[in-house]
Amino acid sequence: MSRPAEVIRNMYITAMPVILGGVSNMIFTKTPLYKNHRAPMDGGRVWRDGKRILGDNKTWIGFTSMVALTAASQVVWGSHCARRGLNALHDIYRVRENTLALNLVSGTLCGLAYAVCELPNSFVKRRIDIRPGKTESGAAGKVFFVIDQIDSLLGVFAVLSAYSGISWKRYVQYICLGAGTHVGVNFVLYKLHIRKNL
């Protein structure tokens with residue numbers, strides 16, 4: 001039976017492309033290219049309640065860059081795993097051959113799942129007047145803090161589960177590990193002044 005440290009190591013080896021894709025995308029949003037092409041996905045339109053559908057922070061360029069950067073990260077990481085003999089420690093490569101096609105498709109799907117699964121959360125936040133990119137205090141703030149950490153991960157690890165056949169227990173473990181990592185990465189990006197808030 002694998003020790004907890006080995007399980008966590010293997011989970012990080014498997015999830016690393018999503019982490020790299022997310023960090024890369026956050027950095028990309030600070031570039032002039034992003035800022036000059038940040039058309040909102042909702043086109044500035046409002047819902048029937050008179051409030052924005054998604055808000056200014058959900059942009060087409062941010063959506064597509066998340067997909068592209070995660071796919072690229074998966075391809076690069078897959079090559080790294082093959083060179084370093086890490087395939088046996090990776091949940092997908094243990095059951096599927098580590099190929100360019102597999103990495104390109106699975107990375108694209110993970111990036112797409114990440115970007116899509118953030119949208120319902122943004123929609124609900126606009127309905128209750130939480131400003132884009134901001135956190136709230138009180139009970140609502142705590143609830144949305146948790147949701148902010150796991151919304152995208154639910155989709156990403158569903159894709160991973162489909163490719164690897166992991167158990168529900170491992171799926172939940174991935175969500176917990178991903179949420180904790182999300183908080184830690186956000187803290188580092190905040191300290192580096194890449195994120196405006198935690």
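These notebook entries record what I looked up in the structure.

**Basis.** I worked with a predicted model, in which local features need pLDDT of at least 70 and side-chain atom pairs count only at pLDDT 80 or more, while totals for chains, interfaces and linings use all residues. Residues are numbered from 1 along each chain as its sequence is written, and side-chain values use heavy atoms, with hydrogens and water left out.

**Entry 1: helices α1 and α3.** I took helices as DSSP runs (H or I, at least four residues), numbered from the N terminus. Two packed helices are described by the angle between their axes and the distance between the axes. I looked up α1 (residues 4-28) and α3 (residues 60-84), whose axes come within 8 Å and cross at roughly 140°. Axes here are lines fitted to C-alpha atoms over the stretch in contact, and angles run from 0 to 180 degrees between N-to-C directions. The crossing of α1 past α3 is right-handed, that is, the near helix is turned clockwise from the far one by less than a right angle.

I next noted which residues meet, with contact meaning heavy atoms within 4.5 Å. Among them are I13, M16 and F28 in α1, and I61, W77 and C81 in α3. By class, the contact of α1 with α3 has eleven nonpolar, nine polar and no charged residues. Ala, Val, Leu, Ile, Met, Phe, Trp, Tyr, Cys and Pro count as nonpolar, Asp, Glu, Lys and Arg as charged, and the others, Gly among them, as polar.

**Entry 2: an aromatic pair.** I found five aromatic pairs in the structure. One of them, W60 with F63, is edge-to-face, at 6.2 Å centre to centre and 65° between the planes. Rings of Phe, Tyr and Trp (its six-membered ring) pair if their centres lie within 6.5 Å; planes under 30 degrees apart count as stacked, over 60 as edge-to-face and the rest as tilted. W60 and F63 are separated by about one helical turn, because they are three residues apart in α3. W60 is partly exposed, at 47% relative accessible area, whereas F63 is buried, at 15%. Buried means under 20%, exposed over 50%, and partly exposed in between (1.4 Å probe, protein chains only).

**Entry 3: D129.** I located D129 in the loop between α4 (100-127) and α5 (138-164). D129 has a positive phi of about 65° although it is not a glycine.

Terms used
Helix = DSSP H or I, 4+ residues; strand = E, 2+ residues; numbered from the N terminus.
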